[in-house]
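Trainee: I have a model open and want to learn how to read it. Where do we begin?

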Amino acid sequence: MKITIHGISFQKEFVPYIEKLIDVLHGHGTDLYLTEAFSKYLNKSGAKATGFTVLGDRETLEDMDFVISVGGDGTLLDTVSLVGEYEVPIVGINTGRMGFLATIAKEDVEKAVQVLFDGEFTIQDRILINLEADQKLFNGVPYGLNEFTVHKRDTSSMIIVHTYIDGEYLNSYWADGLIVATPTGSTGYSLSCGGPLISPSAKNFVITPVSPHNLNVRPMIVSDESEISFSIEGRSKKFLISLDSRSTAVDASVKLKVKREKFVARLVKFHDYSFFDTLRKKLNWGFDMRN
């Protein structure tokens, strides 16, 4: 089995867990690869790890059986952008607090690898959002797992986001910004702006305004078959757009449209995982503060 490990960074206290992960994978006879970024952090940490190959180019991922993301939900989002159209199943090991995406605790790495090799898991296909623009943006990686966002820059005044669904005018949002989130992203930035929670298997996008200046404006759920386009006005000549945690400044002349990406992100979920259980724990549902 060929497996790649990816991570952005990690604290020194996580080194023993990473060493354990690599040892356990070797014990199963894995052909082990590390991304260049993860390899650099591993060297800096002084971890005692050998027997791996540094991934030479992104195309090599096409031959992988799994990619293991070591970090939090942010790292897993970065892993999704790395894997892209190759649709290699991603395993999320969480080195921080419990996440919605990276759900395997660092203490459970040995058990997780055993379950992986025993085949006791399911693979969930998560839709991605694709950005079309009349100029090249995001270094040729125009997709995200969580959301696309239009946002004003820093302390500039609000912007007006004229929004269209399949070419039909929907609304002009006078706001600090506008989010178009996938079901996966409904538990992220959209949620913090008052958006609804959506089950990961739903076939929808949610349009959520950021600090709208019209009190009667509310989030709206639309089909993921929709194409959502925008034109933006504002006093500032520049505004920010983002895909997940990646952002860039563009000017108001750029033409933007989002739709469902042709490929998906494939997330490995073990049989004891429950999205609704994670939801209850993260949001303290059913917890009586008086006790």
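Mentor: With the record. The UniProt annotation "binding site", from an unreviewed entry, covers Asp73, Gly74, Asn146, Glu147, Asp176, Thr187, Gly188, Tyr189, Ser190, Leu191 and Ser192. These residues spread over 120 residues of sequence and, in space, up to 25.0 Å between C-alpha atoms. UniProt positions follow the numbering used here, feature names are shortened, and annotations may be inferred rather than shown by experiment.

Mentor: Some ground rules. This is a predicted model: local features need pLDDT of at least 70, side-chain atom pairs count only at pLDDT 80 or more, and totals for chains, interfaces and linings use all residues. Residues are numbered from 1 along each chain as its sequence is written, and side-chain values use heavy atoms, leaving out hydrogens and water.

Trainee: Is Asn146 buried or exposed?

Mentor: Buried means under 20% relative accessible area, exposed over 50%, partly exposed in between (1.4 Å probe, protein chains only). Asn146 counts as buried because its relative accessibility is 11%. Leu191 has 27%, so Leu191 counts as partly exposed.

Trainee: Which residues does Leu191 touch?

Mentor: Contact means heavy atoms within 4.5 Å. Not counting residues up to four places away in sequence, Leu191 touches Ser186, Leu197 and Leu283. With the same exclusion, Asn146 touches residues including Leu77, Val180 and Asp244.

Trainee: How does strand 9 pair with strand 12?

Mentor: Strands (E, at least two residues) and helices (H or I, at least four) are DSSP runs, numbered from the N terminus. Two strands pair if DSSP finds at least two bridges between them. Here five bridges join strand 9 (residues 147-151) to strand 12 (residues 177-181), running antiparallel. Val150 stands opposite Leu178 in strand 12.
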